[in-house]
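This briefing covers selected features of one structure, grouped by topic. Please view the sequence and the coordinates together while reading.

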Amino acid sequence: TGIPTGTGDCCAPKLLHFAAKHSLKPLSMAEFWMGTPKSSIRFDGNYYRSCAEKCEPILGFLLCGLGQ
């Protein structure tokens, strides 16, 4: 029913957008959680996958066609 709040707030979508605007081709990327967690779900310095409901759909769009 719409785009979830916070979609694209992570670094990956912003960095991929920057790369596309400047004709750069990313080779790899990883994001780590930094900061004091408000809950015990995420911990400082750990690697986590993209949020399935927020970032994964936009990352798929941003990465579309890069393998060509």
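In this predicted model, the count of aromatic pairs comes to one. That pair is formed by F32 and Y47 in an edge-to-face arrangement, with 5.9 Å centre to centre and 65° between the planes. Both F32 and Y47 lie in the loop between helix 1 and helix 2, so the pair ties together parts that are 15 residues apart in sequence.

**Aromatic pair and surface patch**

- F32 and Y47 also take part in a nonpolar surface patch, which they make together with M34. The area of this patch is about 380 Å².
- M34 is placed in the loop between helix 1 (11-21) and helix 2 (55-63).
- M34 is exposed because its relative accessible area is 61%, and the cut-off for that class is over 50%.
- Y47 has a relative accessibility of 49% and therefore counts as partly exposed.

**Helix 1 and its buried face**

- The buried residues in helix 1 are A12, P13, L16 and A19.
- Viewed down the axis of helix 1, these buried residues fall within an arc of 125°, so they line one face of the helix.
- Helix 2 is included in what covers the buried residues of helix 1.

**The residue S23**

- S23 belongs to the loop between helix 1 and helix 2.
- With a relative accessibility of 70%, S23 counts as exposed.

**Helix 2 and the residue C55**

- C55 is found in helix 2.
- The relative accessibility of C55 is 2%, so C55 counts as buried, the cut-off for that class being under 20%.
- C55 and C10 are 45 residues apart in sequence, and their C-alpha atoms are 7.7 Å apart in space.

**Points to locate in the view**

- In the helices, the items to find include the buried residues A12, P13, L16 and A19 of helix 1, and the buried residue C55 of helix 2.

Terms used. Residues are numbered from 1 along each chain as its sequence is written. This is a predicted model: local features need pLDDT of at least 70, side-chain atom pairs count only at pLDDT 80 or more; totals for chains, interfaces and linings use all residues. Side-chain values use heavy atoms; hydrogens and water are left out. Patches are made of residues with over 30% relative accessible area and no salt bridge: like charges are joined within 9 Å, nonpolar side chains (Val, Leu, Ile, Met, Phe, Trp, Tyr) within 5 Å. Accessible areas come from the Shrake-Rupley method with a 1.4 Å probe; for residues, only the protein chains shown count as cover. A salt bridge is a side-chain nitrogen of Lys or Arg within 4 Å of a carboxyl oxygen of Asp or Glu. Helices (H or I, at least four residues) and strands (E, at least two) are DSSP runs, numbered from the N terminus. Buried means under 20% relative accessible area, exposed over 50%, partly exposed in between (1.4 Å probe, protein chains only). The arc is that of the directions from the helix axis to the C-beta atoms. Contact means heavy atoms within 4.5 Å. Rings of Phe, Tyr and Trp (its six-membered ring) pair if their centres lie within 6.5 Å; planes under 30 degrees apart count as stacked, over 60 as edge-to-face and the rest as tilted.
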